There are 4 protein chains.
Amino acid sequence: MSLLKQYQSVRSHSVNLCKNLLIEDFSLQASEEVSPPKWHLAHTTWFFEQFILVNYLKGYQVKHPQFNFLFNSYYNAMGRRTARNQRGLMTRPAVSEVFEYRAYVDEAMSQLIQDAKEEVVKLITLGLNHEQQHQELLITDLKYSLWHNPLDPAVMDIQEYSIEAKSHWIDVKEGIYEIGYSGNEFCFDNELKAHRVFLEPFSIASSLVTNGEYLEFMDSGGYEESRFWHDEGWSWVQNQSQKAPLYWEEIDGKWTYYTLAGRKDLDLEASLAHVNFYEASAFAAWKGARLPTEFEWEVAQSKFSWGKRWEWTNSAYLPYPGFSIAPGALGEYNGKFMVNQMVLRGASVATSENHSRPTYRNFFHPQFRWQFMGIRLAKSL
Amino acid sequence: MSLLKQYQSVRSHSVNLCKNLLIEDFSLQASEEVSPPKWHLAHTTWFFEQFILVNYLKGYQVKHPQFNFLFNSYYNAMGRRTARNQRGLMTRPAVSEVFEYRAYVDEAMSQLIQDAKEEVVKLITLGLNHEQQHQELLITDLKYSLWHNPLDPAVMDIQEYSIEAKSHWIDVKEGIYEIGYSGNEFCFDNELKAHRVFLEPFSIASSLVTNGEYLEFMDSGGYEESRFWHDEGWSWVQNQSQKAPLYWEEIDGKWTYYTLAGRKDLDLEASLAHVNFYEASAFAAWKGARLPTEFEWEVAQSKFSWGKRWEWTNSAYLPYPGFSIAPGALGEYNGKFMVNQMVLRGASVATSENHSRPTYRNFFHPQFRWQFMGIRLAKSL
Amino acid sequence: MSLLKQYQSVRSHSVNLCKNLLIEDFSLQASEEVSPPKWHLAHTTWFFEQFILVNYLKGYQVKHPQFNFLFNSYYNAMGRRTARNQRGLMTRPAVSEVFEYRAYVDEAMSQLIQDAKEEVVKLITLGLNHEQQHQELLITDLKYSLWHNPLDPAVMDIQEYSIEAKSHWIDVKEGIYEIGYSGNEFCFDNELKAHRVFLEPFSIASSLVTNGEYLEFMDSGGYEESRFWHDEGWSWVQNQSQKAPLYWEEIDGKWTYYTLAGRKDLDLEASLAHVNFYEASAFAAWKGARLPTEFEWEVAQSKFSWGKRWEWTNSAYLPYPGFSIAPGALGEYNGKFMVNQMVLRGASVATSENHSRPTYRNFFHPQFRWQFMGIRLAKSL
Amino acid sequence: MSLLKQYQSVRSHSVNLCKNLLIEDFSLQASEEVSPPKWHLAHTTWFFEQFILVNYLKGYQVKHPQFNFLFNSYYNAMGRRTARNQRGLMTRPAVSEVFEYRAYVDEAMSQLIQDAKEEVVKLITLGLNHEQQHQELLITDLKYSLWHNPLDPAVMDIQEYSIEAKSHWIDVKEGIYEIGYSGNEFCFDNELKAHRVFLEPFSIASSLVTNGEYLEFMDSGGYEESRFWHDEGWSWVQNQSQKAPLYWEEIDGKWTYYTLAGRKDLDLEASLAHVNFYEASAFAAWKGARLPTEFEWEVAQSKFSWGKRWEWTNSAYLPYPGFSIAPGALGEYNGKFMVNQMVLRGASVATSENHSRPTYRNFFHPQFRWQFMGIRLAKSL
């Protein structure tokens, strides 16, 4: 597929995700961690404008002088910006103006792509991968925000459930393994440098934990026994009024689950979603197992199927040996987040097509649950 | 004017206030204290539905079973409700559905009004006064929320400025005066019972404090001298990054002021707005004067013109002798707020027509500034 | 009694209050609102040093250059000071050094008193009244701090209980009454100026509410019914784990009460203590009565006995007509606190001898309970 | 040395550390993270009582029924406990009673030690290592608490400064290395199991960063440039009023440093202390280097001298392969803290004698600075 086609395909997918939204929904932001759909649509556009068009398209005029303030996410090198918890307050520019902004930038990008040098092609590829990341966030953020509405709105056809086969243990031998990306296609800087890691022997589960298994943990008092939990996890539990995964609600004695297609009965055979690292670890401890490290996961991943849930690992998000931060604002993409977060591997039902690979490192703080996060067990041998 | 005409007039005014809004603006809520326009439109409608139609219109079906949860403001007796700081998250029902809700209730009310007994007429009159209160809040809340947008949106034609004549002192003699409402028209319960108050002699200013006068206070170091301030006011000052009234901003050495018609140069002759009780008191102390009590204000008000600014008094919001709380949910209207708030008297440029009188008692916590709050000075003689 | 004798009597009483304390107890501070005994002992001494000795005793050398920083309470005009919530961190100067400080200042004061002019006598009288206020706080603060200790320490012989006679209503006629202090002895500035107030007719209870009566309120669901409560009171209730007065604890089905002499069974005949304004108001509403205003209390007080509990009134703490703030730091004594607090009248079992009078105005924020605060009911006629 | 001698030696060292304290100092607690000296003295004693005497000394009577509540630190399995931020409020039991408690338990332990089986010897050894950990905390907590006192108290003779030799790079080759404890003496469970790690080649500095070098970082704008910082580190910087290591203060243009022996001039040649992980990382980035991993540190440590500062590594505190949690309350010792903390290696001037080894893993949250934390640089080759 030509770069232009790729560009058009990714860009139109973002718009397509919003096709069932009301204008009202576009500004919705229920907490600091999530962003409104309109902001995602504008921010990904700003990324192309500020990092590519402004520098590489001769004579390019920015669409609006204040959009740099409004739609910068976290790049300190790009100047001041709207506070993260106030993105939902930007009712202006209107949704229609954001679509005009997208069209304006797309037009300029089409021009630039005709004749783009390798350096620019690399940046465009980064911009498209960046937009794909925001496509997943647009979905998960919107789910989180809409969940606050007692009317249980249904706005998207994501197939959230996926039935898990019965799990068995897969053994992996000790040895030196190569970790990280070493191909010729795009990867993020945090997947580099490819390097060697020694692994002691371990086993890993062939399937993800299901809703039914997690319900057993709950029913056997998992949320009442401190010994399964990290100390911070236990504090977190004490502060929860509801002891269950995010989006679960017991109605008339029956567990239900809020999806983007509305509230559903809980499917016990389907893979669990929306637990945080503390819950994932506590479940594993209750099972007499543990979470895999990200290295174990990467080494073993060819032996099981994955892609429906982001899988919590017991690895902290840290730089690989030889990792280096790019100069300029794009150096802020990954490196500055490498503390206090845990790595998730795999991909989810909300991940954009062509946006996953075995070396991909996703990362979140241990308390967060709003991504499609699940559990795969491991054991030392 | 017939009750039906009155009803239609008040109800259509609410809608009319929103005529320049984008759909996006209807859900905007920048802090817990302010509510989105859509919520005001729905809540005032809910008030007629729950307090009148449900009880008095035979066969009336509520529009939607969850609207009681969504649009109750603070009536504990009416059951659980949306958290106040989450009103902006209710993107559904859509704006169009809220307008349908209004039409549905208006239709039923028209029927009921045909043949309303006195008890119902009284409730309808209360409902209309309630809606007028929310009309003012709709304006001031919206101003506050839009102010967070760096694009300085202009959405309404409120004539915010009003030029003040030079002030002189008006003397009032000591004596026993009657305070509170004693007429035959509508008043709120907090204006009752009419009772007697003894006042020592005092003087009151014929005009409100202007922007220019307040700027003198600022320029002479008013925000840097603790001795003018209440202890809590001084703490408040320490936590402010900007030492100026709300909506003021110094741009290139010139003071500007955000209005609902966009940002304007500060008019030094116009009456000051958007100061809190602490600022009002500190200004008065700096001037060697004080704020009037609400009783002094009520006694003196026939001797000066008022109506452009809510005027801070030095009276706490407390019950009048013989005040009693109505049974049922409507008893929550006023009485339960009678602690930690200060009384404001008068009316403002945002007050609905026919919604002011000399005995009207408005009240806010001393730190709030987002109403059109101004200062009138007084002195003991 | 000569001024010197008075001085010695008040000063030694402060020390005497601490006679059963361990050295460890002198620095104890369980919350921002309360201060450690050592701090009270030092601060009252600092008051004499900074407001009197430094200005009026020729050649006086301050005891230590940093004591002004350490022991200033809230006087902005006297410079920077230890944060209020860090008073308990000042383990140095040692307790013994604070006693030396007291002796040093007492010695200098004795000298000054020999030959004090009227201006100085007035300041000394203020200093002694100030120290008496801190004597009460020393007791109530210490009770609050020690209560956090599960060992229920007993350290003082305050007779906290006092049996109430059966109450009857006392009627008072409408009329113009004089309020405020008009004698020739000492009073605080907030008791001035004496002025006239018109009162509508009312009744007031001859006795205080007892523990037994309050228990009836609790047992009849008083803490579960929002209609008895102010809106802020109701929020306060929701955040309480224990729905009972401060220091009450139900142990094995029996109510107990922590006193400075250790934990005791609750005496149902004794006057209630340690409720806040919200609780006092809710109790009154439940009884179909209300709290008196401070004016009603002052007018009626000669008709009942008082002095065991500070009695919540329904009056906000506001300046009297003609109230003026003294120049300099002492002007900060009272005036700057006149917002968001409620007046309490009377005196308590912890009030120092000769430190009460009918015009005395005590004041606290409505949520506080750690003083010996009780309830007297009133009614409009 | 016999076990009894060891026991006596460790126990008396705790007491000896307090020899210059005033009684007042024993309850001092300036924040939730630090504990008062008295609490350390009692908690370490409680550890022997609850984990050893109660289970292994026949007929042992606990000293006081509530000490289990008062002196439990974080063992959920041992029941409820005093809130961590209220340890300073326990003025009772008195200091003298805590010393009696120590004597009582020491007496019983002497008895038990006569005839202790291997299982008990192991627990005693754990108890002694536990007490040594608290000896270091007693020192660092006390320093932190006393620092809040403007009198700069001097209470201990810790030689805080240590001059660093000029640093050079030490190269280490790639390879499989063994990590973790494999000897026969005592180690903590977090040092197990010994396992293999593959390291890519790297260099590590022979000396620690000095105060002088850190001052260069400060003077060159290190705290003003976001690009050196983690995102969370940058937020932390924004909220600091003083941009310098803990305990530094610029007085009359000269940097000073608070030590337990009082405030001193900053020694530029001495090893830096009291920076957090964010500062350590930012300094390293500014130098074009990075922090070592804990594995690199352990492999290289025989090639440089260490022991004056805890050295931040870029390793998160996570379990080693095969790590397992002991059953019962002692299983809470380490494992439950393995999230959101970073590993520090080495030892410090406050570490007790015989309480350090190359495999020792200390750990703290990245924002903390009150331990003697320093920086050693590393580089990938």
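Guide: A quick note before we start: residues are numbered from 1 along each chain as its sequence is written, and chains are lettered from A in the order in which they are written. This is a predicted model, where local features need pLDDT of at least 70, side-chain atom pairs count only at pLDDT 80 or more and totals for chains, interfaces and linings use all residues, while side-chain values use heavy atoms, with hydrogens and water left out.

Visitor: How many helices and strands are there in chain A?
Guide: Helices (H or I, at least four residues) and strands (E, at least two) are DSSP runs, numbered from the N terminus. For chain A, the tally is nine helices and 12 strands.

Visitor: What radius of gyration does chain A have?
Guide: The radius is taken over C-alpha atoms, and the globule rule is 2.2 Å times the number of residues to the power 0.38. With 381 residues, a compact globule would come out near 21 Å. Chain A agrees with that, at 21 Å.

Visitor: What share of the residues of chain A count as buried?
Guide: Buried means under 20% relative accessible area, exposed over 50%, and partly exposed in between (1.4 Å probe, protein chains only). Out of 381 residues in chain A, the buried share is 61%.

Visitor: How many aromatic pairs are there over all chains?
Guide: Rings of Phe, Tyr and Trp (its six-membered ring) pair if their centres lie within 6.5 Å; planes under 30 degrees apart count as stacked, over 60 as edge-to-face and the rest as tilted. Searching the whole structure gives a count of 168.

Visitor: Are the rings of Tyr214(B) and Phe283(B) stacked or edge-to-face?
Guide: Their centres are 5.7 Å apart. Their planes make an angle of 25°, so the pair is stacked.

Visitor: What about Phe217(D) and Trp229(D): what kind of pair are they?
Guide: Both residues are buried. Phe217(D) belongs to helix α6 and Trp229(D) to the loop between α6 and α7 (231-238) of chain D, 12 residues apart. The ring centres are 6.4 Å apart and the planes are at 40°, so the pair is tilted.

Visitor: Which residue lies over the face of Trp39(D)?
Guide: A charge sits over a ring if NZ of Lys or CZ of Arg is within 6 Å of the ring centre and within 35 degrees of the ring normal. In chain A, Lys63(A) does this over Tyr104(A), at 5.2 Å from the ring centre. Over Trp39(D), at 3.6 Å from the ring centre, you'll find Arg87(D).

Visitor: How many residues of helix α8 of chain D are buried?
Guide: The helix runs over residues 277-286 and is mostly covered. Among the buried ones are Phe277(D), Tyr278(D) and Phe283(D). Their cover includes α6, α7, β8 (310-316) and β9 (342-346) of chain D. Of the 10 residues in α8(D), the buried number is eight.

Visitor: How far apart are the nearest C-alpha atoms of chain A and chain C?
Guide: Contact means heavy atoms within 4.5 Å. Chain A and chain C do not touch, and their nearest C-alpha atoms are apart by 14 Å.
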